Amino acid sequence: MDRNTVDWHGYIPAVTTPFTSQGDLDLAAWDEQLEWFAAERLDGVIIAGTTGEWYTLTATERGALFTRAARRVRGRFTLLGGCNAYTASAAIGHARAARAAGLDGILLTPPPYVVPNSREIVAFYHEVCTAVDIPVCVYNWPRGTGVDLDTDTLSALADLPNVVAIKNSTGDFGAFVKGLIALHERVRYFGITTDRVGVALMRGIGGDGLMGAGAVLGRDHPDFFHHLAAGDEAAALAVGARDRVLMNAWFTADYGPRFGSAPAILKHALTLRGVPAGHPRRPLLPLTVAEAEQVHATVAELGLLA
């Protein structure tokens, strides 16, 4: 497998997982979310990723989300299963569930909290790739894992037979560009910002899009890449500027939340849009009244109130 094995491109966000106020998985709301994503013309979604609160999900719940999504919207856009876990054996179990459900591939970080070295990280991915025949997107997520994958490590991972893409969420812009230059012809490379810098990178070097989070803007997110592909740079920058509004209001430079938690922020914003995003699951808590007002102000500024 390589980048040409798959057609992953554009905007493929990690989406929220709907829970009731009691913390139960809400599959009816999940169905509604999936239909909304399809109607908003997303290029794909990542199920049970960081924004999907994977760390609170049982293996059974994760598998149910995979299966439900495949039955509902498979073939309408790319479906990637988040398979993050502390051990290769656990990640393999999730990857097998994704493959059995018929998902298009999986997203996988190095084991969080463990802080493995480069040799251990390559061995971890090798074990997963050897065990499950499914396309893999390597996710470099320093904020959540405690390690920032350098270009040499990413290159070694790109040599693995199942690795077809990299989502590079490093806060080191120079390292991001170095990785893009070195790897964009071998794997799909995601993390392109929706601004003039992103336009310059895609025009000058390459890149395949953005695996963001939440999809609060709906079709504005993928339309940045759709307009760019059509040669309409002005239209791309216009919708991209809307993404910068919420990113600057809600998140820091390393993608951490300015207040509350990312899932709570995104779920509240989606709810304001009329999307049944549900509640965060403990240990995460709902936003405070003051925090909810901040989200409301941004959503109103963007003209997205239901």
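Author: Asp148 counts as partly exposed because its relative accessibility is 40%, where partly exposed lies between buried (under 20% relative accessible area) and exposed (over 50%), with a 1.4 Å probe and protein chains only. The model is predicted, so local features need pLDDT of at least 70 and side-chain atom pairs count only at pLDDT 80 or more, while totals for chains, interfaces and linings use all residues. Residues are numbered from 1 along each chain as its sequence is written, and side-chain values use heavy atoms, with hydrogens and water left out.

Asp148 sits in the loop between α5 (142–145) and α6 (151–158); helices are DSSP runs of H or I with at least four residues, strands are runs of E with at least two, and both are numbered from the N terminus. Together with Asp150, Asp152 and Asp172, Asp148 forms a negative surface patch. Patch members have over 30% relative accessible area and no salt bridge (a Lys or Arg side-chain nitrogen within 4 Å of an Asp or Glu carboxyl oxygen), and like charges are joined within 9 Å. The place of an Asp charge is taken as CG.

Backbone features occur in other loops. Arg41, between α1 (27–39) and β2 (44–47), has a positive phi of about 65° and is partly exposed at 37% relative accessibility. Glu53, between β2 and α2 (59–73), has a positive phi of about 55°, yet Glu53 is buried at 0% relative accessibility. Most residues other than glycine have a negative phi, and most peptide bonds are trans. A cis peptide bond joins Arg282 and Pro283, with omega about 20°.

How values were computed
Patch = residues over 30% accessible without salt bridge, like charges linked within 9 Å, V, L, I, M, F, W, Y side chains within 5 Å. Areas by Shrake-Rupley, 256 points an atom, 1.4 Å probe, with all protein chains shown as cover. Lys, Arg positive; Asp, Glu negative; His and termini not counted.
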